[in-house]
Amino acid sequence: MQTTLKIAIQKSGRLSESSLTLLKECGIDIDNGLNKLKVEASNFPLEIFFLRDDDIPQYVEDKVADLGIVGENVLLEKEKSLDIVDRLGFGKCRLSLAIPKEQAYSSLKDLNGKRIATSYPVLLSQYMSAQNVSTEIHEISGSVEIAPGIGLADAVCDLVSSGSTLFTNGLKEVEVVLRSEAVLIANKTLSSEQQELLSKLLFRMRSVRKAKTNKYILLNAPNDRLDAICAILPGMKSPTILPLADENWSSVHSVVEENKFWEIIEKLKAEGAQGILVVPIEKMIL
Ligand code: PRT
Ligand code: ZN
């Protein structure tokens, strides 16, 4: 029988689209008809299960699925013994403590004896005990941000990304309990054939991600500035240099990381580079 991997991803929510896009960008052909519980990829031995995010760690622990994509916040809250095989760079958020904005705050000790509403009782109580602060934790499953307004709690511990939900509910963020992003998790007992498939999948995922954080850059350089310009450009090995019709000039091609991008462009211009073109990379094979 052919070895397959089963991966659980969120059916509908903040991680669904990015999870599915990631698999598709890895060249995995998925026909995700609406309301399907599971689909098989046609060109890779992978079955995809669409589930609620909270259920994914349990399903992966029980080996109903071999792999899963969930927020690290969910994984840690569920306290399952699973491997994080990769951090995926999307679904970024923080689990934070927030209090009514008119209240003064100097340190976590201010929350001693207070009632805190959260959907993350495990993470919150671990954080509070590590800091030696004792609070009354009220577990609620949704709309945590309204708890102080209706008198249910003095503070909340909830996920934040832009901060606008806290702001519109008259709350201010005072401590970050956890920084989270989507992670690829795996059952600890994959067979060696499954491990091999996982390595192939991981290789593709990393190539896709690397491509997103890098740009291909082409520019024209006066030959007498080539050394200085090449020193600015790291490239995957070293820059490619091609002669131009004008014998005093060359064309230089390289790859630069997005987060260093503007800084590098400024230096290149200062060294006399011209006609700078920047092109997105579809896949980057390392
Ligand atoms: O139905 P299912 O159970 O599968 O989904 P869900 O409703 O439990 O989860 P969902 O889709 O809301 O979130 C899935 C995962 O996305 C979370 O576990 C996090 O890992 C990640 N994520 C990233 C977020 C946010 N950002 C986020 N901002 N999850 C929730 N929020 C909520 C937050 O709870 C609050 O209500 O968005 C609001 C705050 O957003 P800002 O932008 O106003 O700060
Ligand atoms: Zn959920």
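In the predicted model described here, ligand 1 sits in the largest pocket. The shell around ligand 1 comprises 22 residues, of which Asp54, Asn73, Ser162, Gly163 and Thr165 come nearest to the ligand.

At least two residues each are supplied by the helix α3, which covers residues 72–78, by the strand β9, which covers residues 155–160, and by the helix α5, which covers residues 164–168. The largest share comes from β9, which provides three residues of the shell around ligand 1.

Polar contacts between the protein and oxygen atoms of ligand 1 involve both backbone and side-chain atoms. On the backbone side, an N or O atom of Arg14 lies 2.8 Å from an oxygen atom of the ligand. Among the side chains, a polar atom of Asp53 is placed 2.8 Å from an oxygen atom of ligand 1, while a polar side-chain atom of Ser162, one of the residues that come nearest to the ligand, lies 2.6 Å from a ligand oxygen atom. Taken alone, ligand 1 exposes 830 Å², and 78% of that area is buried by the protein.

With regard to the overall architecture, the protein contains eight helices and 15 strands. The radius of gyration of the protein is 25 Å, whereas the globule rule gives 19 Å for 286 residues; the computed value is well over that figure, and the protein is therefore more spread out than a compact globule. The dimensions of the C-alpha trace, taken along its principal axes, are about 75 × 60 × 35 Å.

Conventions: Residues are numbered from 1 along each chain as its sequence is written. Chains are lettered from A and ligands numbered from 1 in the order in which they are written. This is a predicted model: local features need pLDDT of at least 70, side-chain atom pairs count only at pLDDT 80 or more; totals for chains, interfaces and linings use all residues. Side-chain values use heavy atoms; hydrogens and water are left out. A residue is near a molecule or strand if one of its heavy atoms lies within 4 Å of it. A polar contact is a pair of N or O atoms within 3.5 Å; within protein, one must be able to donate a hydrogen and the other to accept it, and residues adjacent in sequence count only if both atoms are side-chain atoms. Accessible areas come from the Shrake-Rupley method with a 1.4 Å probe; for residues, only the protein chains shown count as cover. On a 1 Å grid over the protein atoms alone, a cavity is a set of points where a 1.4 Å probe fits but cannot get out, and a pocket is an open set with protein on both sides within 12 Å along at least five of seven lines; lining residues have an atom within 4 Å of a point. A molecule sits in a cavity or pocket if more than half of its atoms lie within 2 Å of its grid points. Helices (H or I, at least four residues) and strands (E, at least two) are DSSP runs, numbered from the N terminus. The radius of gyration is taken over C-alpha atoms; the globule rule is 2.2 Å times the number of residues to the power 0.38.
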